[in-house]
Amino acid sequence: MTAPQDLRGAAQSPPQSAAAPALILGSASPRRLELLAQIGIVPDRILPAEIDESPHRGENPRDYVRRMAREKAAALAGDTGNAVLCADTAVVAGRRILGKPADAAEARRFLQLLSGRRHRVLTSVALTHGGRLRERLVDTAIRFRPLTATQIEAYLATGEWQGKAGAYAIQGHASAFAIWMQGSYSGVVGLPLAETAALLAAIGIQGKTT
(Lines give C-alpha, C1' and ligand atoms only; values in the text may rest on other atoms or scores of the structure.)
Protein backbone atom coordinates (compact mmCIF):
# COMPACT_ATOMS: atom_id res chain seq x y z
CA MET A 1 0.00 0.00 0.00
CA THR A 2 1.18 3.52 -0.78
CA ALA A 3 2.82 5.19 2.21
CA PRO A 4 0.77 8.05 3.65
CA GLN A 5 1.82 11.55 2.72
CA ASP A 6 1.72 14.11 5.53
CA LEU A 7 0.12 17.34 4.36
CA ARG A 8 -0.15 19.25 7.63
CA GLY A 9 0.60 22.89 7.00
CA ALA A 10 0.92 22.33 3.25
CA ALA A 11 -1.55 25.11 2.37
CA GLN A 12 -2.96 28.29 3.81
CA SER A 13 -5.99 26.74 5.50
CA PRO A 14 -7.60 27.87 8.74
CA PRO A 15 -7.15 25.44 11.66
CA GLN A 16 -9.94 22.92 12.25
CA SER A 17 -11.89 23.08 15.49
CA ALA A 18 -10.67 20.98 18.42
CA ALA A 19 -13.57 18.57 17.90
CA ALA A 20 -12.84 18.02 14.21
CA PRO A 21 -11.35 14.61 13.36
CA ALA A 22 -8.22 14.16 11.28
CA LEU A 23 -9.09 13.78 7.61
CA ILE A 24 -7.61 11.08 5.38
CA LEU A 25 -8.10 11.54 1.64
CA GLY A 26 -8.30 8.08 0.12
CA SER A 27 -7.19 9.13 -3.34
CA ALA A 28 -3.96 9.78 -5.18
CA SER A 29 -5.72 12.14 -7.59
CA PRO A 30 -4.11 15.60 -7.61
CA ARG A 31 -7.38 16.94 -8.99
CA ARG A 32 -9.30 15.93 -5.87
CA LEU A 33 -6.66 17.51 -3.65
CA GLU A 34 -6.88 20.74 -5.67
CA LEU A 35 -10.67 20.73 -5.49
CA LEU A 36 -10.62 20.33 -1.71
CA ALA A 37 -8.21 23.28 -1.50
CA GLN A 38 -10.79 25.41 -3.32
CA ILE A 39 -13.11 25.08 -0.32
CA GLY A 40 -10.33 25.49 2.22
CA ILE A 41 -9.93 21.83 3.14
CA VAL A 42 -6.46 20.33 3.52
CA PRO A 43 -6.41 16.63 4.42
CA ASP A 44 -4.07 15.52 7.16
CA ARG A 45 -2.95 12.54 5.11
CA ILE A 46 -3.25 11.09 1.63
CA LEU A 47 -3.60 7.32 1.62
CA PRO A 48 -4.92 5.84 -1.64
CA ALA A 49 -7.06 2.73 -1.26
CA GLU A 50 -5.97 -0.29 -3.24
CA ILE A 51 -9.03 -2.29 -4.28
CA ASP A 52 -10.24 -4.24 -7.30
CA GLU A 53 -12.10 -1.69 -9.43
CA SER A 54 -13.57 -4.18 -11.91
CA PRO A 55 -17.34 -3.83 -12.44
CA HIS A 56 -19.44 -6.84 -11.53
CA ARG A 57 -21.15 -8.63 -14.38
CA GLY A 58 -24.36 -6.75 -15.23
CA GLU A 59 -23.72 -4.12 -12.54
CA ASN A 60 -25.67 -0.88 -12.88
CA PRO A 61 -23.32 2.13 -13.31
CA ARG A 62 -24.83 3.95 -10.32
CA ASP A 63 -24.42 0.87 -8.14
CA TYR A 64 -20.86 0.48 -9.42
CA VAL A 65 -19.64 3.97 -8.46
CA ARG A 66 -21.37 3.74 -5.08
CA ARG A 67 -19.72 0.41 -4.39
CA MET A 68 -16.30 1.67 -5.45
CA ALA A 69 -16.46 4.71 -3.14
CA ARG A 70 -17.74 2.60 -0.24
CA GLU A 71 -15.10 -0.10 -0.69
CA LYS A 72 -12.31 2.47 -0.88
CA ALA A 73 -13.51 4.08 2.34
CA ALA A 74 -13.98 0.73 4.08
CA ALA A 75 -10.44 -0.31 3.14
CA LEU A 76 -9.03 2.69 5.02
CA ALA A 77 -11.45 2.99 7.92
CA GLY A 78 -9.55 0.88 10.47
CA ASP A 79 -9.03 3.81 12.84
CA THR A 80 -12.48 5.13 13.72
CA GLY A 81 -10.93 8.25 15.23
CA ASN A 82 -10.10 9.50 11.75
CA ALA A 83 -12.43 10.56 8.97
CA VAL A 84 -11.85 8.94 5.58
CA LEU A 85 -12.99 10.65 2.39
CA CYS A 86 -13.10 8.66 -0.84
CA ALA A 87 -14.71 9.13 -4.22
CA ASP A 88 -15.15 7.32 -7.49
CA THR A 89 -16.00 8.74 -10.90
CA ALA A 90 -17.33 6.89 -13.93
CA VAL A 91 -18.16 8.10 -17.42
CA VAL A 92 -21.25 6.30 -18.73
CA ALA A 93 -22.48 6.04 -22.32
CA GLY A 94 -25.87 4.34 -22.21
CA ARG A 95 -25.22 1.54 -19.72
CA ARG A 96 -21.58 1.17 -20.69
CA ILE A 97 -19.02 2.23 -18.10
CA LEU A 98 -16.01 3.90 -19.72
CA GLY A 99 -13.12 3.50 -17.31
CA LYS A 100 -9.53 4.60 -17.68
CA PRO A 101 -8.31 3.59 -21.14
CA ALA A 102 -5.50 1.07 -21.26
CA ASP A 103 -3.87 2.70 -24.27
CA ALA A 104 -4.35 5.32 -27.00
CA ALA A 105 -6.35 2.91 -29.15
CA GLU A 106 -8.94 2.42 -26.42
CA ALA A 107 -8.97 6.16 -25.68
CA ARG A 108 -9.69 6.76 -29.38
CA ARG A 109 -12.64 4.37 -29.27
CA PHE A 110 -14.04 6.10 -26.19
CA LEU A 111 -13.84 9.54 -27.81
CA GLN A 112 -15.42 8.23 -31.00
CA LEU A 113 -18.25 6.82 -28.90
CA LEU A 114 -18.79 10.12 -27.06
CA SER A 115 -18.59 12.25 -30.21
CA GLY A 116 -21.82 14.14 -30.90
CA ARG A 117 -23.77 12.44 -28.15
CA ARG A 118 -24.93 12.90 -24.60
CA HIS A 119 -23.32 10.93 -21.80
CA ARG A 120 -23.26 10.99 -18.00
CA VAL A 121 -20.55 11.38 -15.41
CA LEU A 122 -21.31 9.77 -12.06
CA THR A 123 -19.29 10.63 -8.99
CA SER A 124 -19.98 8.97 -5.66
CA VAL A 125 -18.51 10.39 -2.45
CA ALA A 126 -18.15 8.27 0.69
CA LEU A 127 -17.15 9.63 4.10
CA THR A 128 -16.58 7.35 7.09
CA HIS A 129 -16.13 8.46 10.69
CA GLY A 130 -16.89 6.83 14.01
CA GLY A 131 -18.20 3.70 12.35
CA ARG A 132 -20.75 5.63 10.27
CA LEU A 133 -20.89 5.98 6.49
CA ARG A 134 -22.16 9.13 4.84
CA GLU A 135 -22.42 9.25 1.06
CA ARG A 136 -23.69 11.22 -1.92
CA LEU A 137 -24.01 10.35 -5.59
CA VAL A 138 -23.92 13.16 -8.15
CA ASP A 139 -25.10 12.59 -11.72
CA THR A 140 -24.03 15.10 -14.39
CA ALA A 141 -25.14 15.03 -18.03
CA ILE A 142 -22.81 16.28 -20.77
CA ARG A 143 -23.11 16.52 -24.54
CA PHE A 144 -20.04 16.59 -26.77
CA ARG A 145 -20.04 18.23 -30.14
CA PRO A 146 -19.26 15.98 -33.10
CA LEU A 147 -15.51 15.33 -33.18
CA THR A 148 -13.53 14.85 -36.35
CA ALA A 149 -10.79 12.27 -36.60
CA THR A 150 -8.27 15.12 -36.71
CA GLN A 151 -9.63 16.60 -33.47
CA ILE A 152 -9.52 13.24 -31.73
CA GLU A 153 -5.94 12.60 -32.81
CA ALA A 154 -4.90 16.08 -31.70
CA TYR A 155 -6.44 15.44 -28.29
CA LEU A 156 -4.75 12.08 -27.95
CA ALA A 157 -1.43 13.78 -28.69
CA THR A 158 -1.85 15.98 -25.59
CA GLY A 159 -1.70 12.91 -23.35
CA GLU A 160 -4.57 14.22 -21.21
CA TRP A 161 -6.53 11.02 -21.74
CA GLN A 162 -4.09 8.98 -19.68
CA GLY A 163 -5.51 7.92 -16.33
CA LYS A 164 -8.86 9.64 -17.01
CA ALA A 165 -12.23 7.94 -16.91
CA GLY A 166 -13.81 8.20 -20.34
CA ALA A 167 -10.43 9.24 -21.82
CA TYR A 168 -10.87 12.96 -21.23
CA ALA A 169 -10.32 15.72 -18.68
CA ILE A 170 -13.09 18.32 -18.76
CA GLN A 171 -10.80 20.87 -17.08
CA GLY A 172 -8.27 20.61 -19.92
CA HIS A 173 -8.36 20.68 -23.71
CA ALA A 174 -11.57 18.64 -23.71
CA SER A 175 -13.44 21.66 -22.36
CA ALA A 176 -13.75 22.64 -26.04
CA PHE A 177 -15.74 19.45 -26.70
CA ALA A 178 -18.58 20.04 -24.22
CA ILE A 179 -21.42 22.09 -25.70
CA TRP A 180 -23.94 21.39 -22.91
CA MET A 181 -23.75 20.35 -19.28
CA GLN A 182 -26.31 19.84 -16.53
CA GLY A 183 -25.14 19.04 -13.05
CA SER A 184 -21.87 19.49 -11.18
CA TYR A 185 -18.75 20.66 -13.02
CA SER A 186 -16.54 19.82 -10.04
CA GLY A 187 -18.19 16.40 -9.93
CA VAL A 188 -17.01 15.79 -13.50
CA VAL A 189 -13.49 16.84 -12.51
CA GLY A 190 -13.63 14.29 -9.71
CA LEU A 191 -15.24 15.65 -6.53
CA PRO A 192 -18.61 17.46 -6.25
CA LEU A 193 -17.71 20.31 -3.92
CA ALA A 194 -21.10 21.40 -2.58
CA GLU A 195 -22.00 17.85 -1.59
CA THR A 196 -18.53 17.09 -0.20
CA ALA A 197 -18.49 20.27 1.87
CA ALA A 198 -21.85 19.36 3.39
CA LEU A 199 -20.67 15.86 4.29
CA LEU A 200 -17.51 17.19 5.94
CA ALA A 201 -19.37 19.95 7.80
CA ALA A 202 -21.64 17.28 9.31
CA ILE A 203 -18.63 15.85 11.22
CA GLY A 204 -17.15 19.21 12.17
CA ILE A 205 -14.66 19.73 9.32
CA GLN A 206 -15.15 23.23 7.99
CA GLY A 207 -13.39 24.99 5.15
CA LYS A 208 -12.82 28.70 4.78
CA THR A 209 -15.89 29.12 2.55
CA THR A 210 -18.31 26.72 4.29
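Mentor: Let's start with the largest pocket, which has 34 lining residues; Arg32, Thr89, Lys100, Gly163 and Ala165 lie nearest its centre. Two or more lining residues come from each of α1 (30-38), α2 (61-76), β4 (83-93), β5 (96-98) and α5. Keep in mind that this is a predicted model.

Trainee: Which element gives the most to the lining of the largest pocket?
Mentor: That is β4, with five residues. As for the space in the largest pocket, the volume comes to about 630 Å³.

Trainee: What makes up the lining of the largest pocket by class?
Mentor: There are 18 nonpolar, nine polar and seven charged residues in the lining. Gly counts as polar and Ala as nonpolar in this scheme.

Trainee: Let's turn to single residues. Why is Ser186 called buried?
Mentor: Its relative accessibility is 12%, and buried means under 20%, so Ser186 counts as buried. Ser186 has its place in helix α5.

Trainee: Which residues does Ser186 touch, not counting those up to four places away in sequence?
Mentor: Ser186 touches Leu35, Leu191, Pro192 and Leu193.

Trainee: And how do you know that the side chains of Ser186 and Ser184 make a polar contact?
Mentor: The distance given for this pair is 3.3 Å. The cut-off for a pair of N or O atoms is within 3.5 Å, with one atom able to donate a hydrogen and the other to accept it. The pair therefore counts as a polar contact.

Trainee: What about Gly183: is it buried or exposed, and why?
Mentor: Gly183 has a relative accessible area of 60%. Exposed means over 50%, so Gly183 is exposed. Gly183 lies in the loop between β8 (178-182) and α5 (185-189).

Trainee: Which residues is Gly183 in contact with, leaving aside its neighbours within four places in sequence?
Mentor: Those are Asp139 and Thr140. As for Ile142, 41 residues from Gly183 along the chain, the C-alpha atoms of the two are separated by 8.5 Å.

Trainee: One last residue. Why does Ala167 count as buried?
Mentor: Ala167 has 0% relative accessibility. With the limit for buried set at under 20%, Ala167 therefore counts as buried.

Trainee: Where does Ala167 lie?
Mentor: Ala167 is in the loop between α4 (149-158) and β8. Check its backbone as well: Ala167 is not a glycine, yet its phi is positive, at about 70°.

Terms used
Residues are numbered from 1 along each chain as its sequence is written. This is a predicted model: local features need pLDDT of at least 70, side-chain atom pairs count only at pLDDT 80 or more; totals for chains, interfaces and linings use all residues. Side-chain values use heavy atoms; hydrogens and water are left out. Helices (H or I, at least four residues) and strands (E, at least two) are DSSP runs, numbered from the N terminus. Buried means under 20% relative accessible area, exposed over 50%, partly exposed in between (1.4 Å probe, protein chains only). Contact means heavy atoms within 4.5 Å. On a 1 Å grid over the protein atoms alone, a cavity is a set of points where a 1.4 Å probe fits but cannot get out, and a pocket is an open set with protein on both sides within 12 Å along at least five of seven lines; lining residues have an atom within 4 Å of a point. Grid points are joined across faces, edges and corners, and a volume is the space filled by probe spheres set on the points.
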